[in-house]
Amino acid sequence: MKLRLILGDQLSRNIASLVGVDAQNDIILMCEVRSEATYVKHHKKKIAFIFSAMRHFAAELLAEGLNIHYVKYDAPNNAGSLADEVARTVARYDIDEVIVTTPGEYRLVEDIKGWSQRLGITVTIKDDNRFLSSPAEFADWAEGRKQMRMEFFYREMRRKYSILMDHNDPVGGQWNYDSENRKPPAAGLNLPPTYKARPDAVTQEVLELVEAHFPDHFGELTPFHFAVTRDQAVIALEEFVDRRLKLFGDYQDAMLQGEPWMYHSHIGLYLNCGLLDPLECIERAEAAYHAGGAPLNAVEGFIRQILGWREYVRGIYWLKMPDYKTANFFNAKRALPEFYWSAETQMNCLRQCVTETKQNAYAHHIQRLMVLGNFALIAGLDPDEVNNWYMLVYADAYEWVELPNVSGMILYADGGLLASKPYAASGAYINKMSNYCRSCKYKPSVKNGPTACPFNYLYWDFIARNDGKLRGNPRMGFMYRSLDQMSDEKRQAIRDDSRRFFNAIEANEKV
Ligand code: FAD
Ligand code: DLZ
Ligand code: SF4
């Protein structure tokens, strides 16, 4: 008899650990456990999403006639961890092998590697077959490269899967249409409504459970409208393709106050827990292009995120763990300011992004990167604290994708493995790409003093503080030439403003 363990982010019928399942003899184990729900204090909506999606998936397997053992969080004998639940099931039945698909987090892989010895039976860890590139293929690609640039990896993936290809050439003659993308938000944009599932009885029960057991976790539990079944997730994908994909590229980097969803797809959480398959999303977008439903700049931009970035960051994660987790190139040590939890700050961009994160367990990419992430970088926040925050606040967060985005993309903590230069920017960038500054106490046009946008002086303080580490970077040459041309008074004003700002944060004053 085999025990097939399915984790909360492995809700795919075709996953490796279910291939060849024997309905008569095998047990499929799924369990809601304290260790997974609390190793970081996940957003309430994220826990509710995972538990409800797990319960719906289990019901579908049961309806197929498979032998499911499902342990609910509040079951009286819940053992509290995956290892203990597996041990309990092995002790009860005549199990000769445990089969599991490789988890998405290093800590859990390491734990599972010890199960065979602990249980005294074979534990088989299968490769996760839901990705488009394996860690071994990525390692081959990375071998001997000084710079592992996503763009080149992505081109190989386009060729490998023949996506947007015209024989050996990219459709339209270019690999990348970013020069046509990333427009500031236009006035009077008529944003389409987002997908909203209505919670059924299963979800209602989970919502009550989460409220009862995780009252001190971050975020607002309701309203809850995430898809929790594959069928619903497919509708969410279809609605994106019909309503939003056309303008995905144009407004990929735009931010508007009160518009958390913009033209993004909101499918990351479904992809990451297995309700959607990456290739189906890519092919759906490509089909929309060929049918004339969306322009090439939008479709290529969207496909690059999934076929390029998503696969690439996973490759980096497995290539560089466990060292990647402790990388801290700038030796940044500042504690995460309280406003990342409370949203209580007068910096309107941060207030909006944290508030939406609390409400939705979602922020779109540019909010994560250029507002929340940019601040974390230029303020020198401790990578451990920043990673912990990103891991727990977003419904799509798992370490394989969160860590490279945070330590690599926003914090440059890996010293430039993932990004060729730090994504640092002053208030001018946020002002160009959003309307946040119009409702802010601070002014993006003022560079120093109490009314100045803090991003302005913190940006230059960051450049000056890290002179020894960044001056040699050819892409930073322009910045250091500008710094060198600044008067001593100007440099002193930057230092004074930054010190005043940091002191205020440390004293827990509202900044
Ligand atoms: P869209 O903008 O519609 O993009 C489509 C899809 O492309 C996404 O669903 C996602 O699967 C993929 N994608 C896009 N950008 C990336 C990227 N940089 N890395 C990997 N996949 C990408 N994504 C996560 O899935 N989990 C995370 O924990 C996560 N943490 C992030 C932290 C930071 C600091 C940053 C800058 C980005 C992070 N991302 C993360 C990437 C990206 O922001 C989210 O995938 C995206 O915002 C999810 O929303 P969406 O589905 O509407 O994406
Ligand atoms: C995220 C999550 C949560 C909140 N709870 C569970 C759970 O109770 N049981 C489970 O099997 N998986 C859960 N997950 C997903 C796991 O944390 C995820 O499988 C690992 O982090 C590996 O990616
Ligand atoms: Fe953010 Fe500065 Fe604009 Fe205020 S002025 S919203 S702090 S960028």
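User: Where does Arg 182 lie?
Analyst: Arg 182 lies in the loop between β7 (169-170) and α8. Helices are DSSP runs of H or I with at least four residues, strands are runs of E with at least two, and both are numbered from the N terminus. This is a predicted model, where local features need pLDDT of at least 70 and side-chain atom pairs pLDDT 80 or more, while totals for chains, interfaces and linings use all residues. Residues count from 1 along each chain as written, chains are lettered from A and ligands numbered from 1 in written order, and side-chain values use heavy atoms, without hydrogens and water.

User: What is the phi of Arg 182, which is not a glycine?
Analyst: Its phi is positive, about 60°. Most residues other than glycine have a negative phi. That is the reason to point it out.

User: How do you know that the bond between Thr 222 and Pro 223 is cis?
Analyst: Look at omega: about -5°. Pro 223 sits in the loop between α8 (201-213) and α9 (230-243). The bond from Met 321 to Pro 322 is also listed as cis, with omega near 5°. Pro 322 is in the loop between α13 (296-320) and α14 (339-342). Most peptide bonds are trans.

User: What makes α16 roughly antiparallel to α17?
Analyst: Helix α16 (residues 365-378) and helix α17 (residues 383-393) pack at about 150°, their axes 11 Å apart. Axes are lines fitted to C-alpha atoms, for helices over the stretch in contact, with angles from 0 to 180 degrees between N-to-C directions. Under 35 degrees is roughly parallel, over 145 roughly antiparallel, 65 to 115 roughly perpendicular, and the rest oblique. The angle therefore makes α16 roughly antiparallel to α17.

User: Which residues make that contact in α16 and α17?
Analyst: Arg 368, Leu 372, Gly 373 and Ala 376 of α16 meet Val 386, Trp 389 and Tyr 390 of α17. Contact means heavy atoms within 4.5 Å. By class, there are five nonpolar, one polar and one charged residues. Ala, Val, Leu, Ile, Met, Phe, Trp, Tyr, Cys and Pro count as nonpolar, Asp, Glu, Lys and Arg as charged, and the others, Gly among them, as polar.

User: Why are α17 and α18 oblique to each other?
Analyst: The axes of α17 and helix α18 (residues 399-410) cross at roughly 140° and come within 10 Å. The pair is therefore oblique. On the α17 side, Val 386, Asn 387, Tyr 390 and Met 391 take part; on the α18 side, Glu 399, Glu 402, Leu 403, Val 406, Ser 407 and Ile 410. These divide into six nonpolar, two polar and two charged.

User: What makes β3 and β5 edge strands?
Analyst: Five strands form an open sheet with parallel pairing, in the order β3-β2-β1-β4-β5. β3 (68-71) and β5 (122-126) each pair on one side only. Two strands pair if DSSP finds at least two bridges between them. Strand β4 (residues 97-101) and β5 are joined by five bridges, and Val 100 has Ile 125 of β5 as its bridge partner. Helix α3 (residues 82-92) packs on this sheet and touches β1 (2-5), β2 (27-31), β3 and β4. Its direction makes about 145° with that of β2.

User: How many residues of domain 2 are in contact with domain 3?
Analyst: 31 residues of domain 2 touch 32 residues of domain 3.
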